[in-house]
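User: I would like to go through this model step by step. Please show it to me first.

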Amino acid sequence: MERAEMIEAVKAEMPERRWIHTEGVMATSILLAERFGGDPERAELASILHDVAKFWATDRLAAVIADNGLGDDWLAYDKELWHAPAGAWEAKTRFGVDDEDVLNAIRFHTSGRGGMSKLEKIVWLADYIEPGRDFPGVDNIRSLSEKSLDSAILAGLEATIGVLMQRGRLIYPLTIEARNDLLRSLN
Ligand code: DGI
Ligand code: FE
Ligand code: FE
Ligand code: FE
């Protein structure tokens with residue numbers, strides 16, 4: 001599908017404020033790709049689609065994941081994670097994306113995972129620091145992102161894990177693996 005058509009279709013799936021977030025992720029991922037030697041076009045494509053399933057009903061997300069065998073174990077964890085694998089499925093089946101790296105950047109944009117590709121890292125971080133994000137610590141992660149993709153993501157993952165623990169929530173194992181993997185590669 002052509003870019004302009006895709007944008008209109010994605011916009012129609014979400015409220016205005018979520019589309020504004022998506023535009024922030026698009027612009028930020030392009031900047032990060034330019035900064036860190038990634039591919040801006042593929043970063044933008046993954047960003048356009050990353051939250052396409054964010055406003056689907058829980059039942060629909062669960063059905064798409066279960067019926068298409070998308071999940072090792074997504075459904076045993078927080079439903080806030082489900083829009084990511086469901087979005088990758090939608091990108092492939094409805095929007096015709098066949099680039100596995102782009103699909104993985106969508107699939108793992110919430111959880112992260114061990115051994116993330118550069119594109120996966122760029123989209124993960126862009127989602128975290130796009131200009132509309134305003135939560136404690138985000139400015140610190142924005143400054144880390146000036147220099148190092150890995151240390152910015154590590155700090156973001158640790159903040160997210162900390163918040164989930166404070167709230168007594170489950171933590172998806174791939175999030176822990178993502179954090180451990182980055183910690184190892186930085187040390
Ligand atoms: O969809 P967005 O709001 O743009 O952001 P996102 O896709 O990163 O998802 C947001 C939430 O998912 C985030 O606030 C924390 C929550 N969440 C729940 N369980 C987990 C989790 N995030 C991670 N990384 N790992 C989890 O296990
Ligand atoms: Fe998301
Ligand atoms: Fe995120
Ligand atoms: Fe997002």
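Analyst: Residues are numbered from 1 along each chain as its sequence is written, and chains are lettered from A and ligands numbered from 1 in the order in which they are written. This is a predicted model: local features need pLDDT of at least 70, side-chain atom pairs count only at pLDDT 80 or more, and totals for chains, interfaces and linings use all residues.

User: Which helices do the buried residues of H3 pack against?

Analyst: Helices here are DSSP runs of H or I with at least four residues, numbered from the N terminus. A residue is buried if 20 or more other C-beta atoms, placed from the backbone, lie within 10 Å of its own. Contact means C-beta atoms within 7 Å, again placed from the backbone. On these terms, the buried residues of H3 pack against helix H1 (3–11), H2, H5, H6 and H7.

User: How many of the residues of H3 are buried?

Analyst: The buried residues of H3 include Ala43, Glu44 and Leu49. H3 is mostly covered, and of its ten residues the buried ones number seven.

User: Why does Phe108 count as buried?

Analyst: Phe108 sits in the loop between H6 and H7. Beyond four places in sequence, Phe108 is in contact with Ala84, Arg113, Met116 and Glu120. Phe108 counts as buried because its C-beta neighbours inside 10 Å number 23.

User: How far apart in space are Phe108 and Arg169?

Analyst: In sequence, Phe108 and Arg169 are 61 residues apart. In space, C-alpha to C-alpha, the distance between Phe108 and Arg169 is 19 Å.

Technical notes. A residue is buried if 20 or more other C-beta atoms lie within 10 Å of its own, exposed if 12 or fewer, and partly exposed in between; C-beta atoms are placed from the backbone. Helices (H or I, at least four residues) and strands (E, at least two) are DSSP runs, numbered from the N terminus. Two residues are in contact if their C-beta atoms, placed from the backbone, lie within 7 Å.
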